[in-house]
Amino acid sequence: MTTPLLEVRGIDKSFGPVQVLHDVAFSAHAGEVTALVGDNGAGKSTLVKCVGGIYPIDSGDILFDGKPVQVHGPRDAGTLGIEIVYQDLALCDNLDIVQNMFLGRERRRGLVLDEASMEEMAQETLSGLSVRTVKSIRQQVSSLSGGQRQTVAIAKAVLWNSKVVILDEPTAALGVAQTAQVLELVRRLADKGLAVVLISHNMNDVFAVSDRIAALYLGRMAARVKTADVTHAQVVELITSGRSGDLGIMP
Amino acid sequence: MNKVKELPGEVVATAANSPSIGHSVRAYVERVRGGDMGALPAVLGLVVLCTVFAIARPAFLTAINFANLFTQGAAVTLIAMGLVFVLLLGEIDLSAGFASGVCAAVLAVTLTNMGLPWYIGVVAAIITGVLIGLMLGGLVAKVGIPSFVVTLAAFLAFQGLVLVLVDEGTNISIRDEVIVAIATRNLPPWLGWATYAVGVGVYAAVQFLRARKRAQRGLAADPLSLILARVGSLAVIAGVAVYVLNLERSRNALLTSLTGVPIVVPVILVLLIVWTFVLRRTAFGRHLYAVGGNAEAARRAGIAVDRIKVSAFVICSSMAAVGGIVAASRASSVDPNTGGSSVLLYAVGAAVIGGTSLFGGKGRVLDAILGGAVVAVIENGMALMGYGSSVKYLVTGSVLLLAAGVDALARKRAAAAGLR
């Protein structure tokens with residue numbers, strides 16, 4: 001088996017007296033969608049934020065492309081090529097699509113922003129992802145629908161030649177058609193050779209796009225399986241009780 | 001379930017075609033109807049107020065009164081231009097008025113009491129502004145005290161500081177020729193026209209070049225007709241203003257001639273250009289809007305939010321210093337009331353009336369100038385109508401409330417229209 005692009009081993013994380021992650025191991029492979037599932041409070045978002053450098057880890061290793069790395073902040077993660085699309089979209093409503101996609105990493109010539117080349121790159125990225133739903137990339141984000149916003153947030157993550165894209169509940173607030181669009185986009189990302197991590201509550205989404213499933217249960221990794229090897233019901237059992245048949249945490 | 005498939009919409013690539021002028025106008029109307037009115041209320045207000053005052057008091061439309069408007073409104077406008085930066089972040093600076101007083105007092109002390117040259121006085125005043133901004137911004141961003149409280153405390157403290165600097169209520173007069181000239185002298189008429197020609201020429205060149213460059217790269221560019229309309233309206237409005245300001249406005253032209261554009265006007269215009277450039281064309285400006293729009297998103301994008309906040313307060317207080325210098329120049333003196341009474345509220349009013357949102361993330365430096373013009377016209381017109389301070393305060397207060405109300409309602413409307 002190939003080396004996973006992103007791998008974490010033995011991650012422990014506590015907030016004060018509460019230990020949220022116990023010895024968690026997790027990996028994501030290039031060209032695959034790995035679904036990270038678990039009930040509320042299972043530690044999905046915490047794990048992602050540890051990888052993204054938002055929270056420091058108490059102990060454990062993060063390996064990128066087989067090599068151990070230190071992630072001390074969002075910048076470090078970005079440099080490695082790890083991009084996280086957060087649940088509460090990190091977009092500024094009062095800026096347009098291009099401005100949002102380049103936020104914090106604006107291209108400039110001398111002192112002046114290089115608007116033209118940013119616009120070109122944004123357009124390229126969006127058409128590379130076959131996004132056809134936005135009228136103008138100079139539209140303010142406030143005028144976009146939920147699905148379009150999610151698309152912009154994902155495109156923003158792709159723009160930086162990132163290798164790992166982590167999506168935190170990208171379809172939670174979307175309607176049927178928009179969910180389909182976003183899932184299609186998620187699949188396209190993996191087909192382009194990125195390692196995609198999809199956090200989701202929605203079993204339909206998980207089975208629709210993922211290649212592997214990792215189930216967290218109360219801060220422990222209950223099981224890491226291939227999507228093709230499990231059924232809907234088994235995954236639900238893993239999420240709710242941490243085990244299913246010979247899978248999961250043994251008592 | 002027959003509408004599951006989303007409309008395909010336009011393909012991104014076709015958006016590169018240049019929009020027509022009709023398209024631009026339609027987009028603007030749509031924005032206004034969606035609640036994003038920008039400077040529209042200020043411009044309409046200005047037209048209505050000027051019409052009313054011109055009919056009620058013909059003296060309002062004379063050249064001398066027109067020139068007065070500029071020198072009267074200059075200090076408040078300059079402070080408002082600085083306030084835009086703080087308001088963009090959704091913060092407030094209630095101490096800007098007295099900060100301008102403190103800086104003016106520093107100027108007066110260095111010039112008159114210490115006898116130093118004017119440029120040292122100006123530098124000292126602006127450094128004072130920078131230090132005040134650093135302190136306020138530090139308390140807000142690093143310590144985390146709400147800006148309302150920090151600047152309210154500073155509002156009181158600076159009032160005391162001004163008293164200390166001017167020795168408990170004496171009045172320091174300023175006799176330095178250069179400083180006094182800023183708000184009381186005028187450019188020679190030829191220089192006014194020359195500045196006008198250069199200004200309009202450069203504006204037109206910048207607009208044309210940008211559009212051409214974008215068109216060459218295949219990006220959506222403003223159509224020629226829109227650019228011509230913009231340059232044309234600037235040329236007409238500025239041309240009329242320069243022409244009127246160059247008319248003889250002395251009561252007795254044989255004794256002393258009084259013509260030309262007041263020197264504060266180019267001062268304000270240069271600062272307008274500088275700050276507009278900073279806000280619209282630099283990464284710093286972009287980050288300011290981002291922090292005002294969604295501070296958490298900005299933080300996650302790796303923007304140093306604290307540093308942006310401190311810079312905004314520094315810019316605000318430095319502009320207050322410039323406003324203080326102009327106020328001192330106009331009065332030729334500094335007293336404990338410089339920058340006091342209504343100055344701050346007029347400045348906040350100017351920024352908000354011009355279309356800067358109190359909720360952050362929306363506003364331009366130009367807005368402050370338009371709003372400053374509205375405030376100056378109200379003050380000037382009410383005085384001409386013979387109303388006392390009581391009515392002036394009441395009216396300005398109501399206008400400020402009206403502007404803030406428009407801002408809040410526009411926001412609500414934008415939310416309802418799904419724009420926010």
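Me: How many helices and strands does chain B have?

Reply: Chain B has 16 helices and 2 strands. Here helices (H or I, at least four residues) and strands (E, at least two) are DSSP runs, numbered from the N terminus. A word on the setting: this is a predicted model, in which local features need pLDDT of at least 70, side-chain atom pairs count only at pLDDT 80 or more, and totals for chains, interfaces and linings use all residues. Residues are numbered from 1 along each chain as its sequence is written, while chains are lettered from A and ligands numbered from 1 in the order in which they are written.

Me: And how many helices and strands are there in chain A?

Reply: Chain A has 8 helices and 14 strands. Its radius of gyration is 18 Å, close to the 18 Å that the globule rule gives for 251 residues, so chain A is as compact as a globular protein of that length. The radius is taken over C-alpha atoms, and the rule is 2.2 Å times the number of residues to the power 0.38. Along the principal axes, the C-alpha atoms of chain A fill a box of roughly 60 × 40 × 35 Å.

Me: Which residues touch the most other members of the largest nonpolar core?

Reply: A nonpolar core is a set of buried Ala, Val, Leu, Ile, Met, Phe, Trp, Tyr and Cys residues joined through C-beta atoms within 7 Å. The largest one has 188 residues, and those touching the most other members are Val196(A), Ala215(A), Ile79(B), Leu83(B), Ile325(B) and Ala347(B). Take Ile325(B): leaving aside its neighbours within four places in sequence, Ile325(B) is in contact with Ala104(B), Leu107(B), Val122(B), Ala125(B), Ile179(B) and Ile182(B). Two residues are in contact if their C-beta atoms, placed from the backbone, lie within 7 Å.

Me: How many residues of helix H14 of chain B are buried?

Reply: H14(B), residues 343–353, is mostly covered, with 10 of its 11 residues buried. Among them are Tyr346(B), Ala347(B) and Ile353(B). After H14(B) comes Gly355(B), with a positive phi near 115°.

Me: At what angle do H10(B) and H11(B) cross?

Reply: Two packed helices are described by the angle between their axes and the distance between the axes. The axes of H10(B), residues 264–281, and H11(B) come within 5 Å and cross at roughly 70°. That makes H10(B) roughly perpendicular to H11(B). Axes are lines fitted to C-alpha atoms, for helices over the stretch in contact, and angles run from 0 to 180 degrees between N-to-C directions. Angles under 35 degrees count as roughly parallel, over 145 as roughly antiparallel, 65 to 115 as roughly perpendicular and the rest as oblique. Val278(B), Leu279(B), Arg280(B) and Arg281(B) in H10(B) meet Phe284(B), Gly285(B) and Leu288(B) in H11(B).

Me: How many residues bring the two chains into contact?

Reply: On chain B there are 36 residues in contact with 35 residues of chain A. H11(B) gives the most to the chain B side, with 6 residues. By class, that side has 17 nonpolar, 7 polar and 12 charged residues. Ala, Val, Leu, Ile, Met, Phe, Trp, Tyr, Cys and Pro count as nonpolar, Asp, Glu, Lys and Arg as charged, and the others, Gly among them, as polar.

Conventions:
A residue is buried if 20 or more other C-beta atoms lie within 10 Å of its own, exposed if 12 or fewer, and partly exposed in between; C-beta atoms are placed from the backbone.
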